[in-house]
Amino acid sequence: MDFAVIFRDFVRAAIGDSAVYFAVAAVGLNLHFGYTGLLNFGHIGFLMVGAYGLAIAVTFFSLSMWAGIIVGMIWAVLLALLLGAPTLRLRADYLAIVTIVAAEILRFVFRSVWAREVTGGSFGLTQFARDFYAINPFPEGRYGIWVVNFSERATWVLVAGWALAGLCTLLVWALARSPWGRVLRAIREDEDAARSLGKNVFAYKMQSLVLGGVLGAFGGIVLAINTQSVQPDTYSPPVTFFIFTALILGGAATVVGPIIGSMMFWALLAATNTALRQAVAAGYIPDELMSGTQIGQVRFMLVGLGLMLLMIYRPQGIFGDRRELALER
Amino acid sequence: MRARWIRPCRVALAALLFVQLLAVPALAETAQESEQPSEAASDAEEPAESVRGTLLQRPEDGDPVPVDGAEIIIRSNGEEVGTIVTDADGAFESGVPGPGDYEAELVVESLPEGVALTSDAEDANVLEFDIAPGQSRTLLFRLGEPSGGGSGVNLPLQLTVEGLKLGLIIGITSIGLSLIFGTTGLVNFAHGEMVSFGAIIAYLFNVTLGLHLVPAAIIAIFFGFLTGAALDRGLWRPLRERGTSLIAMLVVSIGLSLLWRYGMLFQFGGGTRPYAQYSVQRAVSIGPVQIAPKDLWSMAISIIVLIGVGLLLLRTRIGKAMRAVSDNRDLAASSGINVEMVVLVVWALGGGLATLGGVLFGLAEQVSWQMGFQLLLLMFAGVILGGLGTAFGALVGSLIVGLFVQLSTLVVPPELKNVGAFLTLILVLLVRPQGILGRAERIG
């Protein structure tokens, strides 16, 4: 076992591209789930409209990338309004089912032959973020310390991405301690009590859904810019559950929970991956039990098991306060 | 408090793992040929996409004959990406450059004398298909004597029958989902995995261990009963006793769903595979409708089972108790009904029905590790349409969803057929959130 390699992959994943787009998306999901108690199981739909809004605006309508980002945000607002209108007055489970279904509708439509001219069908779209890389301030070279380093291109994505994640966190932190945020938490704890105080619960929930959705769209935009491509099957339902796992791991309804959770999630996944790969290669794990191709599946089985155990034994995550997030209803 | 329930929880999970491990050596051999890496978005390793299949001529009477030396051209975006020639067994297999949309053309001139496609249609020798990351796609060209079939088929009627078939399968699987919600309040996201589990257990006994499909299906249903009961006793009941909130339990069910689904991918591989019996059948014409005998049987079995479940709910003591608990848990408990017992029966019944649905779905399509998850969203549409928590509502809603999915292909491309059903779900919530048979008090 080469622990230096395991450590390198652990650190690289903790600050890497997957962690950064997860972090931005998780900050939005934290506003939904952590602060407002909305069960949004189709968060990936917001990431998808953000990414596709940008990609389609640039490749099909020949807008600039910055205008494309605004288009992606507008799509996210519209999606949130569409999802919230029928469900926010109902029990929490309805929003869960409708959001996951809506995300799947979008994926089916985006990957269909019928929409291929606009969305690129199941191949998706590529090369729409040149504007972003054109202003890369990092000269050519590799950046990092010791064994952990990134190309100038990756460094620029990571710096910009983590700055965005930081800004989003600040925004949500400021909102959450404002009177508006206190109403959200009141709604999460007891919707009827908030209503009896004269608050328009539906409107507050809708505002939270829209704002968190836009943050989710930013997550999708970070992902799309990083890979310079959008492909519909990247946006499948399990990804939402992975973001949930990351959020709950860090602690829902906390300021840094989504950030730390996303870093931990990917770092642990990468470290297990490398460790398992080495163990299989070195013969510590016999071939009959697990082959090289099965490692990916074991990692995701562990994610599922981890989510169950977290929710049963430590629903408040690493940093959370149990009293803050009782989730009783 | 904690220590008391950890043990049964472990026992249940150990049992689940045991069932999966049981399948390891048995499945390993068949899994090798089609073993594929996970299609998960983040997987960095290169997935190996491929197409494969077997060209068999199926005469009206007698055994299928392999077709040797036939040529198949694979195209992507009009460009040729490969040519495959079938071997002496009629089998062919080839890698493709990556995920995406493809077209396969069977070169008619390369077919031996006396072999032709079943259909006379101009482009019957061309298949359009898409390949997901890591997928190994089976291509099926129908060869035989040209029958000129399809001329007398009435399309809307044909789709209605297919819609009923799908609706019945969704109905069988969603009754459990709805009853579980009704009696415990839990929206069980792992219900789809129970469906795949049933199909895979039947596959294990049918193909790997060589049993006929009928006893294999009965064994799978038995496993479904046991697993449903074990999950309630080992996991959900301890959580209820602990006072875990419904939302937390919902998230637990998602964790369970992920664990189980990727566990099945681990065991079964990423391919889709048919059962040993009934996989290819010639359709028979009944009036203006063509249907394979296996589908007739599937529909007959579904209807008989659903009538049985209906009678159970209406006529028997336990059925009445289930409906009573569904209506009002506290009132039922105070009138002397053993609620935990009823919930256990609901879980076992739901598990058994879901596994049966899985076998039927595997018969209609093919067996794959994620078939249940694909069905789950249709189940949700069905139960919400019918009214969450009502058993008969789930049935009515599922039938409507099944019909809607198939009939919508009259106007939308087949690849978007589920979208219509999903959109209906959202519309129903806008207009009548309690569903067709539901009552308003459930929703608020």
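**Notes on chains A and B**

1. Of the 444 residues in chain B, 55% are buried, where buried stands for under 20% relative accessible area, exposed for over 50% and partly exposed for anything in between (1.4 Å probe, protein chains only). Please keep in mind that this is a predicted model, in which local features need pLDDT of at least 70 and side-chain atom pairs count only at pLDDT 80 or more, while totals for chains, interfaces and linings use all residues. Residues are numbered from 1 along each chain as its sequence is written, chains are lettered from A in the order in which they are written, and side-chain values use heavy atoms, with hydrogens and water left out.

2. On the overall make-up, chain B has twelve helices and 13 strands; these are DSSP runs numbered from the N terminus, helices being H or I with at least four residues and strands E with at least two. Taking contacts (heavy atoms within 4.5 Å) in chain B between residues at least 6 apart in sequence, 73% join residues at least 24 apart. Chain B exposes about 18,300 Å², with 60% of it supplied by carbon and sulfur atoms; accessible areas come from the Shrake-Rupley method with a 1.4 Å probe, and for residues only the protein chains shown count as cover.

3. How many salt bridges does a search of the whole structure find? The count over all chains is 17, a salt bridge being a side-chain nitrogen of Lys or Arg within 4 Å of a carboxyl oxygen of Asp or Glu. One to look at is B:Arg75 with B:Glu103, whose closest N and O atoms are 3.8 Å apart. B:Arg75 sits in strand E4 (residues 71–76) of chain B and B:Glu103 in strand E7 (residues 100–106) of chain B, so this pair ties together parts 28 residues apart in sequence. B:Arg75 is buried at 19% relative accessibility, and B:Glu103 is partly exposed at 26%.

4. A network of salt bridges links B:Asp232, B:Arg237, B:Arg240, B:Glu241, B:Arg329 and B:Glu340. Within it, B:Arg240 and B:Glu340 meet at 2.9 Å, N to O. B:Arg240 belongs to helix H4 of chain B and B:Glu340 to helix H9 (residues 339–364) of chain B, so their pairing ties together parts 100 residues apart in sequence. B:Arg240 is buried at 17% relative accessibility, as is B:Glu340 at 19%.

5. B:Arg237 and B:Glu241 also form a salt bridge, at 3.3 Å from N to O. They are four residues apart in helix H4 (residues 213–241) of chain B, about one helical turn. B:Arg237 is partly exposed at 22%, and so is B:Glu241 at 39%.

6. Turning to the interface, 65 residues of chain B are in contact with 59 residues of chain A. The area buried between the two chains is about 5,800 Å², 73% of it from carbon and sulfur atoms; buried area is the accessible area (1.4 Å probe) that two parts lose on being put together, summed over both. B:Asp101, B:Ile247 and B:Phe266 supply 12% of what chain B buries against chain A, more than any other three residues.

7. In chain A, strand E2 (residues 142–145) and strand E3 (residues 148–151) pair in the antiparallel sense over four bridges; pairing requires at least two DSSP bridges between strands. A:Arg142 stands opposite A:Ser151 in E3(A). The two strands form a hairpin with two residues between them, and A:Trp146 in the turn has a positive phi of about 50°.
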